[in-house]
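Here is a short note to read beside the model. Please keep the structure open as you go through the points.

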Amino acid sequence: MGNFSDRGVKQSIDWKLVISYLLLILIGWVNIYASIHSSEPSSIFDFNVRSGKQFVWILTALALAAIILFAVNPRFWESASIPLYLFVLVLLVVVIFVSNDVKGSHSWFEFGPVKFQPAEISKITTSLLLASLMSQTNYKITRLKDFLMTALIIGVPMLTILAESETGSALVYVGFLFVMYREGFSGWWLFSIIMAVILFILTLTASPYVSLLVLLGMIGLIAIINSGKIGVWGWINIGVLLLLCLLPWVFSKTIKEGAFMERVKPLYILLGLCVCSAGLMIFRGYRERKRHLSIGAIGLLAGIALVFSTEFIFNNILQDHQRKRIEVLLGMKEDPAGVGYNVNQSMIAIGSGGLKGKGFLGGTQTTFGFVPEQSTDFIFCTVGEEWGFLGCLVVIFLYVFMIWRIVVDADKSRESFTRIYGYCVASCIFMHLFINIGMTIGLMPVIGIPLPLLSYGGSSLWAFTILIFIFIALYRQEKKYY
């Protein structure tokens, strides 16, 4: 083997990553038991309750991890990425037509007492196919053909999952943008997505006028920075924005009732100014060969389209329960006994835990079942109530440590496939963590998404186990020889 020598299991496996995985599933199991504990408690190993069932899922997950590590050739995952992706895609479509309605969602296969959600597995197959495509030697994400292929791989399962009314699982796919960015995708796309979210929220909570002001200001600022003339043009931009901010007040004070100008709303004036600015930017960009001006103009027009379509999207595309959750989250409505009940009770549970918590099985919100779905989507509030702020910090630290280890191992990898797949794994875990914890503390709408390795459920635990241990196996394959 020359300078290469076979390294044993101890040296080739990232045991720090494995230990963080084991600690999280152990913490999850204990808190699942706490969440279903009542005045007449059963054993944590009682197979008739969720803690006993989760114990079975944990054992099977560990068996899966061992099979992936020691029985499956790591090269299999890259070679089988296309058929696995297509197979799961078929399952995503079929489940829409054959599954029962579960709280408005058609995403579960049911085999007697066993339920299976293909949306959980699709994150694995999408990650594998993305890694396979993006690791090709001639791949360049800045090339239109490669970009469209990447978008297709991400977009098809994401849209299919949306059709199942699984908004939370679909939102996880946004995390793949970080993978694309890591592999050379322009950061402006990430900025554009953030701006789109801001405009959508501002239009709902403030007004289209405010949204257009923010949009015009940001586009103007970006154009000025790219031109290099920050001084004078920066002050002009600020001055124009201040005048436009005062425009509605000026109209209300100076325009008489019944006058022609009363029918010319400030919004229409601002819209006309935005459209004219976009036209001028396109003209200058073409004449002066300044690509950033043309791109800015397209962004401005796209932003205008989003602002004026927000109401239609909100009222006609989003489902009723989704609208209510967003209204409560953004403070447009208060409904502590309705759609806001889960979040309200969750925040009470977490807040009541204080610094050190009420102790294992000591949480009143938990024991008396005030928080719905507490063993699944709201498992984090059990941690907060019984283990307090310090317990929450420990759990979050373990997740951050796991993501950090995955990214570090990915960066060390010599194989592009392993590196990119590692980024995909880290992104999926991060999105679940961000959305779920944000949901339990009222920073995100309640969209039904499990906390990785902690929430009750076989599909989720199996999916994250497979997702993580495929990466560990791929990295081990490289570490076996040095």
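1. In which helix is Phe-97 found? Phe-97 sits in helix 5, residues 81-98. Helices here are DSSP runs (H or I, at least four residues), numbered from the N terminus.

2. This is a predicted model: local features need pLDDT of at least 70, side-chain atom pairs count only at pLDDT 80 or more, and totals for chains, interfaces and linings use all residues. Residues are numbered from 1 along each chain as its sequence is written, and side-chain values use heavy atoms, with hydrogens and water left out.

3. Phe-97 counts as exposed because its relative accessibility is 69%. Exposed means over 50% relative accessible area and buried under 20%, with partly exposed in between (1.4 Å probe, protein chains only). Phe-97 belongs to a nonpolar surface patch with Val-90, Val-93, Val-94 and Val-98. Together they have about 470 Å² of accessible area.

4. How many disulfides does a search of the whole structure find? The search finds 0. The cut-off is a pair of cysteine sulfur atoms within 2.5 Å. For Cys-276, the nearest cysteine sulfur is that of Cys-274, 9.4 Å away. For Cys-424, the nearest is that of Cys-428, 6.7 Å away. Cys-276 counts as exposed, at 55% relative accessibility. Cys-424 counts as buried, at 0%.

5. The largest cavity has a volume of about 90 Å³. Its lining includes Pro-74, Glu-415 and Leu-474. Helix 20 (458-479) is one of the helices that each supply at least two lining residues. Helix 20 gives the most, with 3 residues. A cavity is a set of points on a 1 Å grid where a 1.4 Å probe fits but cannot get out, and lining residues have an atom within 4 Å of a point.

Notes. Patches are made of residues with over 30% relative accessible area and no salt bridge: like charges are joined within 9 Å, nonpolar side chains (Val, Leu, Ile, Met, Phe, Trp, Tyr) within 5 Å. Accessible areas come from the Shrake-Rupley method with a 1.4 Å probe; for residues, only the protein chains shown count as cover. A salt bridge is a side-chain nitrogen of Lys or Arg within 4 Å of a carboxyl oxygen of Asp or Glu. On a 1 Å grid over the protein atoms alone, a cavity is a set of points where a 1.4 Å probe fits but cannot get out, and a pocket is an open set with protein on both sides within 12 Å along at least five of seven lines; lining residues have an atom within 4 Å of a point. Grid points are joined across faces, edges and corners, and a volume is the space filled by probe spheres set on the points.
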